[in-house]
Each structure stands twice: as structure tokens, then as C-alpha cells.
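Student: Can we go through the aromatic contacts in this one?
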Amino acid sequence: MTVCYACRWFVAASSDTASSSDDMDAMLERARAAGVKSMIITGGSLHESKEAIELAKQLGFYATAGCHPTRSAQFDKFRGGPEKYLEALDKLIAANLTGKGRVVAVGECGLDYDRTHFAPKDVQRRHFRSLHPGLTIASYRTVLTVQLAGSQLALAKKYHMPLFLHSRAAHQDFVQILREEGFDKDGGKAVGGRGGVVHSFTGTVEEAAEVVGPSSSTYVNGCSLKTEHNLAAAKSIRPDKIMLETDAPWCSLTSTHASKAHLASLPPALSNLYFPPATKPEAFVYGRPVKGRNEPAAIGGVAWVIHKLNEGVPFEKVTEKAWKNTIEVFGLTELQ
């Protein structure tokens, strides 16, 4: 099985223990054994986007560049203000459009109303859409506020690049902004957009149907399969609109999730590939996964749950369709 997906994988974030922070090679070997052909490493800020691109270049993978909604306050704190932050993102993307480690999507961007202690709602909305509060020009007759165009959505339009989107407890505003920015029809092609994907989807069946229009596709991972309601939403996503991810090192498939019942039927040979025996961080053994840390190899487990939810659809068909969707959305034609 070969499935391309998003993997937030930085050595520093992989574990709390120094002994397991250098097992990148072993992790990659487990991923290859599980059938993983390539990865997209996501950027969550200007700094992280630079790291993601550099790592993707080293490993021959792909990257995204953008600012996560919980980091959107960085726009205002940046030296020179929001316009300079966006300009730096723009230059980073422009410099990495081809070759190893190339940027294949703008993001991770969107809205996260579960964690407004990191960035208030109004700050998140402002830096997601294409208008920033601009200059105030006063004369003896009028006071005019000029809106300065520029945001991550604007970058997606400029480079005709898909969006890597994030939405948490913000569905109404999220969809409204995408619609107002022209992404409500055909992935925003009329305004220069190229669709994209809502990653780590945890919404309802109704929300799943609504986001498919503006975003083009939906990413499913372990966090998308926690509850029976999650499973119902995942099952409702059309085969031509679903893609698979791990969001490693987070969003593991765990024994407390509703997905566990479906994973019980996973053949032992595949289970050993997707979920090899792990050790606790304090008992780290090189060559073994670390408990509590999700890995790229687990992508097969996500695919198996989707297969079981869609009774009668062969496992291979699920993985092949997800692979094809990923290739098309991100333009990874060299992997065909």
C-alpha cells in the first residue's frame, strides 16, 4: 500500500526523552515497510515552515508553508507587522516551488476556536482572510481606512496552490470566509485557487458535506475516528473527496476510540506493520516506536477503519483512491 499524507514530524517534537529523539531513520524504515511512499511535512508558522522545507529537502519529501491559527498572533508581533510576515511567507514559497522539498500547499491555516487563549477569534479571522486592517488616511472632509490585501488565502490564489486547512469549533465562520474569498465553487478556480483539504476533520456529517465544496477534500486521521459520531462523518465523505493522514506525532488511534472495534479485524501481518510493538519513553529501545507517539506507519490503520466503515469496498480500493486524490490535489504527478 502506498499512501501519501501529512506528517508533522520534527525530531525535537518526537519525544520528551533525549534517547529517542534521534530515531528518525528507524521511524522512516518502519514507514517504508508499512507501504508509505512519500510524506508532506506541514509548516505551522514562518519558522516551522522553513524547518519543514529543509527537512523535506533532506528526505526527498514535500512541505507546506503557512501559519496555524493558534500562531496567528505572530503576524502582529513580527518586526514590520503583518505585511512583512506575509511577505516572508510569500518569499519562502516562491523560493521553493520546484525540486526536492518543494512547497505543495499553503497552510496550515484556518480557524481554531478551541484554543483562543493562543490567539483571539478576531485575530485568527483577520489573518486567515485576504484583508488586514490597513492605513487610516485623514483629510479635512473624510477619514478613509484602506484595507491592505494579503493573507494566506491570497497566497494560495497567487501561486494557484491548494490550501492545507484547519478548522476547530469554528465551522460557520470557517466556511463563510472561504465562500467570501471565492473558494465556494470548484475549489476557488475562478479566483486563482486550487482547492485544498481540511485536515484532521472532526466535524459532523452535515459539516463534512459543507466543507467538501469550498475545500475540495477532507483529511481523516486518528482524531477523526474517536467517537461514533466521528465514524459516521468519516463514512459520509465521498470516495473522491477523502484523503488519509496521521498528523504524526499526534492523533494516534488508541484503544479508547470508537475506531478500536474496526481495528480488531486487522490481519496480524498488517497490524505488525502499522502498529509494531512500542516501548515507554523511559525504556526507549532503538528500532522500536515510542508509546504515545504516533508514527507514519499507522496510516494503514486509518485506511483499514475507512475500509471497514464502507462495507463491501476492498481495502486496496480505499488506499488506491486516497492515493489518487492526494496526487491530484497536491499535484504530485512525479509519484504516479
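This is a predicted model: local features need pLDDT of at least 70, side-chain atom pairs count only at pLDDT 80 or more; totals for chains, interfaces and linings use all residues.

Student: How many aromatic pairs does the structure hold?
Tutor: Six. Rings of Phe, Tyr and Trp (its six-membered ring) pair if their centres lie within 6.5 Å; planes under 30 degrees apart count as stacked, over 60 as edge-to-face and the rest as tilted.

Student: Why is the pair of Phe75 and Tyr85 tilted?
Tutor: Their planes are at 45°, so the pair is tilted, and the ring centres are 4.4 Å apart. Phe75 is in helix α3 (residues 74–77) and Tyr85 in helix α4 (residues 82–94); helices are DSSP runs of H or I with at least four residues, strands runs of E with at least two, numbered from the N terminus.

Student: Buried or exposed, Phe75?
Tutor: Buried, at 0% relative accessibility. Buried means under 20% relative accessible area, exposed over 50%, partly exposed in between (1.4 Å probe, protein chains only). Tyr85 is buried too, at 1%.

Student: And what about Tyr219 and Phe330?
Tutor: Their planes are at 25°, so that pair is stacked, with centres 6.5 Å apart. Tyr219 in strand β11 and Phe330 in helix α13 are 111 residues apart.

Student: New topic: which ring does the charged end of Lys121 sit over?
Tutor: The ring of Tyr113, 4.7 Å from its centre. The criterion is NZ of Lys or CZ of Arg within 6 Å of the ring centre and within 35 degrees of the ring normal.

How values were computed:
Residues are numbered from 1 along each chain as its sequence is written. Side-chain values use heavy atoms; hydrogens and water are left out.
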